[in-house]
Amino acid sequence: MKFTYCPDCGAEAVLRQIGDEGEIPFCEHCNRPLFDYFSTCVLSVVRNDLGELALIRQSYGDTTRYVGVAGYMKCGETAEEAAAREIAEEIGITPDKVHYVLSAWHGARDQLMLCFCADAKKSALKCSGEVAEARWFSPKEAAEIVREGSIIQRLVLAVATEENQ
């Protein structure tokens, strides 16, 4: 979000030179810079004990492509907690371990995506109302079924490489 007005007092922001940051919107009433902010989201693939990866098709938006389990972070939770919560909510899996793999900027939505691999025992995937379908794929199948050049493809390829080390 780019500020034109102060979110606290409503005063119109003015551009002010802020150190090495350049010109930044500034509230003269509150005497503070108004740096742009964005949503922080988590994106995960679940890897089972057979090395398969869980991907989903959403029940809204683009329902034709497979993607990873994703969602917004809530105030007060860590990125790992958010990833585990989204996985449990969307596909009914409680991960044994969640670890950070990479981050990516999703410019179309002004979101920072923090990407994770969650390890869990293979079990049936239970879809929430947000998920049209969830399936286990080999890493090779997963890399081929997601959109070419997408953040989820980068994550799948990174996790597949991690598996082979």
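Which residues of strand β6 are on the covered face, and which are on the uncovered one? I started my notes with this strand. The model is predicted.

**Entry 1**

I looked up β6, which spans residues 69-72. Val69 and Gly71 make up its covered face. Ala70 and Tyr72 make up the uncovered one. Next I asked how β6 is paired. Strand β4, residues 39-48, pairs with β6 in the antiparallel sense. I found four bridges between the two strands. Leu43 stands opposite Ala70.

Thr161 is 91 residues away from Ala70 in sequence. Their C-alpha atoms are separated by 21 Å. Thr161 lies in helix α3. Thr161 counts as partly exposed, because its relative accessibility of 43% falls between the cut-offs of 20% and 50%.

**Entry 1: the whole chain**

I stepped back to the overall layout. I count three helices and nine strands in the protein. Along the sequence the pattern reads β-β-β-β-β-β-α-β-β-β-α-α. The radius of gyration is 19 Å, whereas the globule rule gives 15 Å for 165 residues. The value is well over the rule, so the protein is more spread out than a compact globule. I fitted a box along the principal axes and got roughly 60 × 35 × 30 Å for the C-alpha atoms.

I then looked at burial and surface. Of the 165 residues, 41% count as buried. The protein exposes about 9,300 Å². Carbon and sulfur atoms supply 50% of that area.

How much of the contact set is between residues 24 or more positions apart? Among contacts with a separation of 6 or more, the share is 58%.

I noted 17 positive and 26 negative side chains. The centres of the two sets lie 5 Å apart.

**Entry 2: the three-stranded sheet**

I went to the sheet with the order β1-β2-β3. This sheet is open, and its pairing is antiparallel. β1 (14-17) and β3 (32-33) stand at the edges. Each has a single partner strand, so one side of each is left without a neighbour in the sheet. Strands of a sheet pair through backbone hydrogen bonds. For β2 and β3 I found two bridges. One pairing I looked up is Phe26, whose bridge partner in β3 is Pro33.

Between β2 and β3 is a loop, and Asn31 has its place there. I checked its backbone. Phi of Asn31 is positive, about 55 degrees, although the residue is not a glycine. Is Asn31 buried or exposed? Asn31 is exposed, because its relative accessible area of 56% is over the 50% cut-off.

**Entry 3: Cys27**

I stayed with β2, residues 23-27, to look at Cys27. Its relative accessible area is 0%, so Cys27 is buried. What does Cys27 touch beyond residues up to four places away in sequence? The list is Cys6, Cys9, Ala11, Arg32 and Leu34. I took one of these, Cys9, for a distance check. Cys27 and Cys9 are 18 residues apart along the chain. Their C-alpha atoms are separated by 8.6 Å.

**Entry 4: the β7-β8 hairpin**

I moved on to strand β7 (residues 97-106) and strand β8 (residues 111-120). Nine bridges join β7 to β8, and the two run antiparallel. His99 has Cys117 as its bridge partner in β8. The two strands form a hairpin with four residues between them.

Asp110 is in the turn. Its phi is near 50 degrees, a positive value in a residue other than glycine. Asp110 counts as partly exposed, at 41% relative accessibility.

**Entry 5: helix α3**

Definitions and conventions:
Residues numbered from 1 in each chain as written. Predicted model: local features only at pLDDT ≥ 70, side-chain atom pairs only at ≥ 80, totals over all residues. Heavy atoms only, no water. Buried < 20%, exposed > 50% of the residue type's maximum accessible area, 1.4 Å probe, protein only. Pairing = 2+ DSSP bridges. Contact = heavy atoms within 4.5 Å. Rg over C-alpha atoms; globule rule 2.2 N^0.38 Å. Areas by Shrake-Rupley, 256 points an atom, 1.4 Å probe, with all protein chains shown as cover. Lys, Arg positive; Asp, Glu negative; His and termini not counted. Charge placed at Lys NZ, Arg CZ, Asp CG, Glu CD.
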